[in-house]
Amino acid sequence: MVAKEVGLSDPAVYYYFPTKQMLYTALLQQPDYGKLPLDDQQVSRPAIIDQVMQLFGWWTERAEFGQMLLREQLANDDASVAFMSESEEVWSANVTAPLCAFLGVKGEMTAGLLFELLAGVYWDAILSFGAATRESVSQPYYQQRVRGMVELAIPKERPARP
């Protein structure tokens with residue numbers, strides 16, 4: 001999978017990473033999500049929803065990585081556990097902070113709910129669809145269902161300020 005993604009032969013990858021564990025550990029870098037909606041927009045409900053969907057989309061496009069990550073987390077691999085802790089910091093900066101700016105004190109709870117919701121949806125897809133995860137989650141009906149869940153989780157109006 002890695003060789004194909006970067007345009008190398010399998011032997012070339014194994015030259016630099018003699019073991020699968022060395023390769024896996026090297027893959028545990030925080031994602032580059034590219035330009036996010038809130039990079040150039042004011043905090044608003046639609047922009048937050050778009051941002052969450054873009055973050056989720058990055059992961060669904062890399063379902064094979066998610067499968068490896070899940071397997072290693074279930075085995076309590078230290079590097080995988082550390083990676084997920086770092087991922088929570090990325091989520092906090094890209095989702096929790098904007099939600100707190102939009103919803104006030106309810107933003108943190110909403111961000112936690114969204115994280116747990118999307119993690120469950122993601123892991124369920126991986127366990128249900130296996131090798132066909134990427135194709136299954138890219139279907140319009142699936143994306144619409146996930147977006148609908150995100151929209152339901154984020155209140156439509158800001159709470160009244162005291």
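Modeller: Start with Asn76, placed in the loop between α5 and α6. Helices here are DSSP runs (H or I, at least four residues), numbered from the N terminus. The model is predicted: local features need pLDDT of at least 70, side-chain atom pairs count only at pLDDT 80 or more, and totals for chains, interfaces and linings use all residues. Residues are numbered from 1 along each chain as its sequence is written, and side-chain values use heavy atoms, with hydrogens and water left out.

Biologist: Why is Asn76 called exposed?

Modeller: Exposed means over 50% relative accessible area, buried under 20%, partly exposed in between (1.4 Å probe, protein chains only). Asn76 has 56% relative accessibility, so it counts as exposed.

Biologist: What is the phi of Asn76?

Modeller: Near 60 degrees, a positive value in a residue other than glycine. Most residues other than glycine have a negative phi.

Biologist: Why does Asp40 count as exposed?

Modeller: Its relative accessibility is 52%, so Asp40 counts as exposed. Asp40 lies in the loop between α3 (20–27) and α4.

Biologist: Which side chain makes a polar contact with the side chain of Asp40?

Modeller: That of Lys35, at 3.4 Å. A polar contact is a pair of N or O atoms within 3.5 Å; within protein, one must be able to donate a hydrogen and the other to accept it, and residues adjacent in sequence count only if both atoms are side-chain atoms.

Biologist: How do you know that the span of α7 agrees with its 24 residues?

Modeller: The expected span is 1.5 Å times one less than the number of residues. For α7 (residues 106–129) that gives 34 Å, and the end C-alpha atoms are 34 Å apart, so the two agree.

Key. Helices (H or I, at least four residues) and strands (E, at least two) are DSSP runs, numbered from the N terminus.
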